[in-house]
Amino acid sequence: MSLLRHFPVPAVLVAVVALGLAGCGIGDNRGPNSGAGDDNSFYRAENFNTALQAVKGEVGPGGDILEIRVEAKRTSFTVRKGKTESATGYTARARDAGDLSDFDVDVVGQGSLANQSIPASDFIASALTRMEAQARNRDPNATLETIQFFTLDYDPTSQRPEWKMNVHGRLYLANLDGRNFRSPGEGAGTLTNPELNPAQTNALELGHCIAQAAGDVAKIQRCQKKFGQ
């Protein structure tokens, strides 16, 4: 079975990621883990759930989420507008997790948002708790205070939603429900896998490059230019 879909997902995905990150203010000098251990930190599942439920209320039954970025005091969601090819964003602040503010998201490139949309009903806040517990099992220093961020979007290589968790510079991956917790390359295709065809290897290169970009919009765009053809 092919690991790839027959449409140019990376073009749409990177465009949404880049613009979504820009809309969220990523790249400024604010420390994303400032106040990570506070009672109102979004790294605590009950606080993230408040924001998640508010977003589910905005998109309605059958609504879709495209990506999420969770920081200690701010969580941002990029969502699909109904079943259209348009998107918008919502941000929640720790001082009132259920009070959302919106931001604009422009969608450019080829492909359809339908190919990377994730039903909002599939999201569960306990995924964060599962990931935090697994990170601590691997590293006793992986406390709430050392988490940098969580992100979630549709991974074009595995063709499924994927969480990314950064703990003091170390990246971990997990499924939508927080299970299958792993480091990049564990239990997945690798660039030296002889069973991968050139297109699949290129897709893995793109995914690895984006992961290494760590949210830097310019680097993500360079990844797309190098591996997204």
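Helices and strands are runs assigned by DSSP, a helix holding at least four residues (H or I) and a strand at least two (E), and they are numbered from the N terminus. The views below show a predicted model.

**View 1. Confidence along the predicted chain.** The protein chain has an average pLDDT of 80, and 75% of the residues score at least 70. Residues 1-30 fall below 50 in pLDDT, although this stretch has 71 contacts in the model beyond near neighbours in sequence. Residues 188-195 are also below 50, and here the model has nine contacts beyond near neighbours in sequence. Where pLDDT is low, the predicted coordinates should not be read in detail.

View 2. Strand β3 covers residues 87-93, and because six of its seven residues are buried, the strand is largely enclosed by the rest of the structure. Strand β2 (residues 74-80) runs antiparallel to β3 and is joined to it by seven bridges, with Arg-80 paired to Ala-87 of β3 as one of the bridge partners. These two strands form a hairpin with six residues between them, and Gly-82 in the turn has a positive phi of about 60°. Strand β4 (residues 96-105) is likewise antiparallel to β3 and joined to it by seven bridges, among them the pairing of Gly-89 with Phe-103 of β4. The hairpin that joins β3 to β4 passes through two residues.

**View 3. Salt bridges around Arg-80 and at two other sites.** The whole structure contains 10 salt bridges. Arg-80 and Glu-85 meet through their side chains at 3.7 Å, taken from N to O, and they belong to a network of salt bridges that also links Asp-64 and Lys-83. Arg-80 is buried, with a relative accessibility of 8%, whereas Glu-85 is partly exposed at 39%. In another salt bridge, the side chains of Glu-71 and Arg-69 are 2.9 Å apart from N to O; Glu-71 is buried at 4% relative accessibility, and Arg-69 is buried at 10%. A further salt bridge links Arg-179 to Asp-177, with their closest N and O atoms 3.4 Å apart; here Arg-179 is partly exposed at 47%, and Asp-177 is partly exposed at 26%.

**View 4. Thr-151 and the residues it touches.** Thr-151 is part of strand β6, and its relative accessibility of 16% places it among the buried residues, because buried means under 20%. Leaving aside residues up to four places away in sequence, Thr-151 touches Ile-68, Arg-69, Glu-162, Trp-163 and Lys-164.

View 5. In helix α5 (residues 217-227), the buried residues are Ile-220, Cys-223, Gln-224 and Phe-227. Seen down the helix axis, these residues fall within an arc of 95°, so they line one face of α5. An α-helix has 3.6 residues a turn, so residues three or four places apart point the same way. On the other side of α5, Arg-222, Lys-225 and Lys-226 are exposed.

**View 6. Two loop residues with positive phi.** Most residues other than glycine have a negative phi. Gln-159, however, is not a glycine and has a positive phi near 60°; it is placed in the loop between β6 (147-155) and β7 (160-167) and is partly exposed, with a relative accessible area of 25%. Asn-180, also a residue other than glycine, has a positive phi of about 55°. The loop that holds Asn-180 lies between β8 (170-174) and α4 (198-213), and Asn-180 is partly exposed at 39% relative accessibility.

Note on methods:
Residues numbered from 1 in each chain as written. Heavy atoms only, no water. Buried < 20%, exposed > 50% of the residue type's maximum accessible area, 1.4 Å probe, protein only. Arc of directions from axis to C-beta. pLDDT = per-residue confidence, 0-100. Contact = heavy atoms within 4.5 Å. Pairing = 2+ DSSP bridges. Salt bridge = Lys/Arg side-chain N within 4 Å of Asp/Glu carboxyl O.
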